[in-house]
Amino acid sequence: MNSPLNNTALNLVNVTLEYPDGDGTLKALDTVSLKVRAGEFVSLIGPSGSGKSSLLAVAATLVRPTAGLVVVDGEDAGGLPDSGRTALRRDKIGIIFQQPNLLPSLTAVEQLVITQRLRGGTARAAGERAAALLDLVGLGHALAKRPHQLSGGQRQRVNIARALMGNPAVLLVDEPTAALDHQRSEAIIRLLRQVTDEFGVATVMVTHDTDFVPLTDAVASMRDGRLSGRAATAAAAAPRRG
Ligand code: ADP
Ligand code: MG
């Protein structure tokens, strides 16, 4: 029970998120609860507008919920002031959106190093970690390439490596393959599977493509702001980790 793989890294408890909507309110999230353990990879599916991105925004501490608890790596984000939430996000959460949003003038290594400077540490250590992570995601040959010299899939790999720079406990991924063809999409999901295992990170991935759900451990489905229970996938049932 005390194995790191059993530790809850992300815990959402009865999270509700309301937006003003005319005279009333719209419930983007309606008493949503979700627990994700370290090393676990959860797919989040559901129709457009069902609240998937809202769930990630709340889990990322980018948006405060109207009600409910958001606990990241044991820390209750709701109890923190904005500065504390920023620090929590920087130190414990990796965020990967559909568009990599790389800075056009920076090389692949520099994209990673610049985020690490905000966390402190030496430039040299940051450069070494950046190079190692880019190598891990298959870009060891492209350290000095700028975004326009990389393919869409390669840019998404830089994005993934960048999200891992701070050694996060939680990885939040929103439609990472929406701009990629099937083969490149599968390679990206397999990479996310690999880093979830190797880094013991708790990964939640919004995906429209149910083909790749079997590469993840569990699938949760959203509709009208409500989360239906998680179901284990074949990957969770198989003794993959030996
Ligand atoms: P999904 O990612 O599943 O497509 P979203 O989380 O983006 O769904 O949206 C859920 C609901 O919340 C939708 O009805 C959407 O219009 C609404 N919504 C999302 N963000 C905002 C916002 N910033 N202000 C008002 N309504 C929002
Ligand atoms: Mg969305």
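**Salt bridges and a helix pair**

Colleague: Which side chain does Asp73 meet in a salt bridge?
Modeller: Asp73 meets Lys92, at 2.9 Å from N to O. A salt bridge here is a side-chain nitrogen of Lys or Arg within 4 Å of a carboxyl oxygen of Asp or Glu. This is a predicted model, where local features need pLDDT of at least 70, side-chain atom pairs count only at pLDDT 80 or more, totals for chains, interfaces and linings use all residues, and side-chain values use heavy atoms, without hydrogens and water. Residues are numbered from 1 along each chain as its sequence is written, with chains lettered from A and ligands numbered from 1 in the order written.

Colleague: Where do Asp73 and Lys92 lie?
Modeller: Asp73 is in the loop between strand 4 (67-72) and strand 5 (75-76) and Lys92 is in helix 2 (residues 82-92), so the pair ties together parts 19 residues apart in sequence. Helices (H or I, at least four residues) and strands (E, at least two) are DSSP runs numbered from the N terminus.

Colleague: Is Arg193 buried or exposed?
Modeller: Arg193 is buried, at 7% relative accessibility; the cut-offs are under 20% for buried, over 50% for exposed and partly exposed in between (1.4 Å probe, protein chains only). Its salt-bridge partner Asp197, 2.9 Å away from N to O, is partly exposed at 31%. Both lie in helix 6, four residues apart, about one turn of the helix.

Colleague: Which residues are linked with Arg193 in a network of salt bridges?
Modeller: Asp197 and Asp217.

Colleague: How many salt bridges does the count come to?
Modeller: The count is 10.
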